[in-house]
Amino acid sequence: MSLGPNRKVVLAARPEGMPQASDFRLEEESPASLEDGQVRVAVEVVSIDAFIRTTLEEVSYHPSVALGGTVMAFCAGRVVESRAEGFAPGDEVHGPMGAQTLAVVPAMLVQKADPSRAPARAHLGVLGATTGLTAYMGVRHVGRVEPGEVFVVSAAAGAVGSLAGQIAKLDGARVIGIAGGPDKTRYLVEELGFEGAIDYKGEDVAARLRELAPDGVDVFFDNVGGELLDVVLDQIREGSRIVICGAISQYHGDMSQGVRGPALYLRLAERHARMEGFAVTHFADRYGEAEEALAGWRSSGEIRLDEHVEKGLENFGETLRMLFTGGHTGKLLLEI
Ligand SMILES: NC(=O)c1ccc[n+]([C@@H]2O[C@H](COP(=O)([O-])OP(=O)(O)OC[C@H]3O[C@@H](n4cnc5c(N)ncnc54)[C@H](OP(=O)(O)O)[C@@H]3O)[C@@H](O)[C@H]2O)c1
């Protein structure tokens, strides 16, 4: 079987601030031979996730990528060669395979999709750990939203945010999304049925939030952090829950040295509120429950996740930048 070379995205330089296309380089290599227990996967689609940015730092919560190393990413594709029991050419798989065309990985690192339930690609989105499962855990097990409560979510038109808002709606909450630009706020209200949406780039968020939620916020699902977190903290109700899912406004730099924290954290004491952070992996024992619920809502059409698809491994750097400039709506993917 002639496979051709593996093309991979390697880290050429550690980004200073916002990643640049020049921080990455495409390299080609002859396909490695397979060892026992390994599979070779033809990667079809790469999930563009915020955690990738943090792996580019020398010190990171997620394992750091070495200079010259292949950039880590979750991917979906098809097995083309297998020396692992239970895996055969043609199987659809997903897992952390890295930004490359022909990944050689231990089979235990990837999972087979069941195409009769959902394609492998759905495991990067609605059924993905970094997307659907994160939204589910944050809403159900951290925020624990109740019917009739006011649920506010930031980065609301993105992958995690759009799903978190929809799950909270299914749980009976009044959902308000915060996102950048009028197209996104229109999308949230008209397409996803959120009760309200605030354009943080063009509107006074504090004033609009007061209008939309005059009695205050019960649950804030925060993906952004920084200044926006303070604006919402100032309007929380007694007994509210602040879910720290992420802080995408704070990822450009050495996070081990600290990020901008909330100046108004005393609102928590004043209003007997709770702020709780989580990584989806803390809820690994609940993945089955979440997948079952998400797969059901996906097939019944009760939730949707739009995709923004870019193409070509050579566009990896530009596509990663889009996650921070907000050029996409829904799940950002790179087809290769
Ligand atoms: N806790 C966990 O285990 C876990 C797992 C996965 C992801 N996450 C977190 O979930 C969040 C969303 O991730 P995602 O993959 O779904 O990405 P996403 O929401 O699809 O994309 C990120 C969005 O963030 C917004 N944004 C970027 N920079 C911003 C800034 N400085 N201020 C305000 N908004 C900004 C942009 O939308 P606008 O156009 O609206 O600005 C962009 O579309 C991230 O914080 C990520 O770290 C957490």
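The structure is a predicted model, in which local features need pLDDT of at least 70 and side-chain atom pairs count only at pLDDT 80 or more, while totals for chains, interfaces and linings use all residues. Residues are numbered from 1 along each chain as its sequence is written, and side-chain values use heavy atoms, with hydrogens and water left out.

Helices here are DSSP runs of H or I with at least four residues, strands are runs of E with at least two, and both are numbered from the N terminus. With 12 residues (159–170) at 1.5 Å a residue, α3 should span 16 Å, and its end C-alpha atoms are 17 Å apart, which agrees; the expected span is 1.5 Å times one less than the number of residues. The helix is mostly covered, as 10 of its 12 residues are buried, where buried means under 20% relative accessible area, exposed over 50% and partly exposed in between (1.4 Å probe, protein chains only). Among these buried residues are A159, L163 and I167. The buried residues of α3 pack against α2 (129–143), β8 (150–154), β9 (174–179), β11 (217–222), α8 (287–300) and β15 (331–335), with contact taken as heavy atoms within 4.5 Å. After the helix comes G172, which has a positive phi, near 95°.

A polar side-chain atom of K184 lies 2.6 Å from an oxygen atom of the ligand, and a polar backbone atom of C245 is 2.9 Å from a ligand nitrogen atom. The elements that give two or more residues to the shell around the ligand are α2, α3 and α9 (316–325).

The last stop is R241, in strand β12 (residues 236–244). R241 is buried, with a relative accessible area of 10%. Its side chain has a polar atom 3.0 Å from the backbone oxygen of R144, and the side chain of R241 also reaches the backbone oxygen of G239 at 3.2 Å. Leaving aside neighbours within four places in sequence, the contacts of R241 include V142, E146, D218 and R274.

Definitions and conventions: Polar contact = N/O pair within 3.5 Å; in protein donor to acceptor, adjacent residues only side chain to side chain.
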